[in-house]
Amino acid sequence: MDRQLPELNISAGSQAEAEQLLAHGADAVTVGEERYALRTPGDVDLAALQAIAEAAHGAGKRVYVLVNALLHNESLHGVEEYLQAVAEAGADAIVFGDPAVYMAARRVAPGLELHWSTETTSTNWRTVNFWARKGAGRALLARELSLNEVVEIKRNSMIPIQVQVHGMTCIFHSKRELVTNYLRAQQRDGKRDVPPNQDVLQNEGVPLFLREHTREGQRYPVLENAHGTHIMSSDDICMLPHLAALLAAGIDSFYIEGFGKSLAYNCQVVSLYRQALEQLRDQPEQPVDPAYVEAIQAIQPANRPLGTGFFFKEQIY
């Protein structure tokens with residue numbers, strides 16, 4: 001059966017990572033520079049972006065650039081120049097949430113495709129279509145939606161829809177330096193059992209986690225970078241066994257969040273999703289081969305269980 005498959009898109013933190021992920025079955029990679037992007041696996045500058053774009057286009061694939069940070073007045077200086085350079089480097093689209101980025105892109109890089117993503121307000125089809133009428137070419141849906149809500153949005157959307165199918169998610173973000181402030185308070189109190197500031201912020205030594213008193217074993221990674229503090233989910237989404245439902249809904253792009261995982265892990269995950277999609281294309285009536293799920297379970301970190309996020313039930317964080 002000849003069936004059009006959705007795009008398989010994964011985040012990458014360097015040129016080498018992007019090339020490896022494309023070689024393992026990704027149709028597109030999402031990259032970004034830390035000054036304009038939230039929670040990227042690595043800092044990809046313009047020179048690396050151009051090399052990634054050339055490699056991707058040579059293989060008939062695409063590269064997207066995150067420009068989704070929460071920008072203050074002083075952060076807007078240089079945005080237009082950056083967007084123009086991103087377009088010249090060969091990026092296929094930018095991922096944006098801030099209307100200031102949208103207006104700048106339309107002004108200086110009118111040929112650059114726009115993918116709308118706010119992470120929190122992309123929760124209904126009327127808002128999706130508002131941005132479609134403004135020229136957005138894709139909507140990245142919020143992670144807090146059920147499968148039924150995703151299906152309804154897709155049914156009514158004027159533009160392609162992307163949903164996350166694998167990886168961790170951010171459940172809290174603050175512009176404040178909560179980790180740094182916490183460590184300073186610990187130092188003032190004379191406590192010595194807290195890792196040095198740079199070890200936490202650079203993910204060396206022992207990272208910080210939030211724990212729940214009512215649910216033992218739940219650990220929420222706490223990360224801090226130039227854009228503030230981020231609290232991440234205690235588990236990873238894994239929709240591999242349920243891809244048929246998303247295919248039936250006509251979802252256009254499946255996103256794998258590579259942040260927080262090794263390149264070896266991400267390469268294997270994208271390869272398994274690719275194999276599962278090809279199986280569903282050829283045998284749509286058959287469930288995804290359990291061997292693919294077992295292969296992911298075998299490489300999954302012991303302290304990060306696999307789940308389905310909000311797709312099938314109310315998720316409690």
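Is aspartate 27 buried, partly exposed or exposed? Aspartate 27 is partly exposed, with a relative accessible area of 24%; buried means under 20% relative accessible area, exposed over 50%, and partly exposed in between, with a 1.4 Å probe and protein chains only.

A word on sources. This is a predicted model, in which local features need pLDDT of at least 70 and side-chain atom pairs count only at pLDDT 80 or more, while totals for chains, interfaces and linings use all residues. Residues are numbered from 1 along each chain as its sequence is written, and side-chain values use heavy atoms, with hydrogens and water left out.

Now to the salt bridges. A salt bridge is a side-chain nitrogen of Lys or Arg within 4 Å of a carboxyl oxygen of Asp or Glu, and the structure holds 10 of them. In one of them, aspartate 27 meets arginine 274 at 2.6 Å, N to O. Aspartate 27 sits in the loop between α1 (15-23) and β2 (28-31), and arginine 274 in helix α10 (residues 263-282), so this pair ties together parts 247 residues apart in sequence. Helices (H or I, at least four residues) and strands (E, at least two) are DSSP runs, numbered from the N terminus. Arginine 274 is buried, at 13% relative accessible area.

Lysine 261 and aspartate 236 form another salt bridge, at 2.8 Å, N to O. Lysine 261 lies in the loop between β13 (253-256) and α10, and aspartate 236 in strand β12 (residues 236-238), so the pair links parts 25 residues apart in sequence. Lysine 261 is buried at 15% relative accessible area, and aspartate 236 is buried at 1%.
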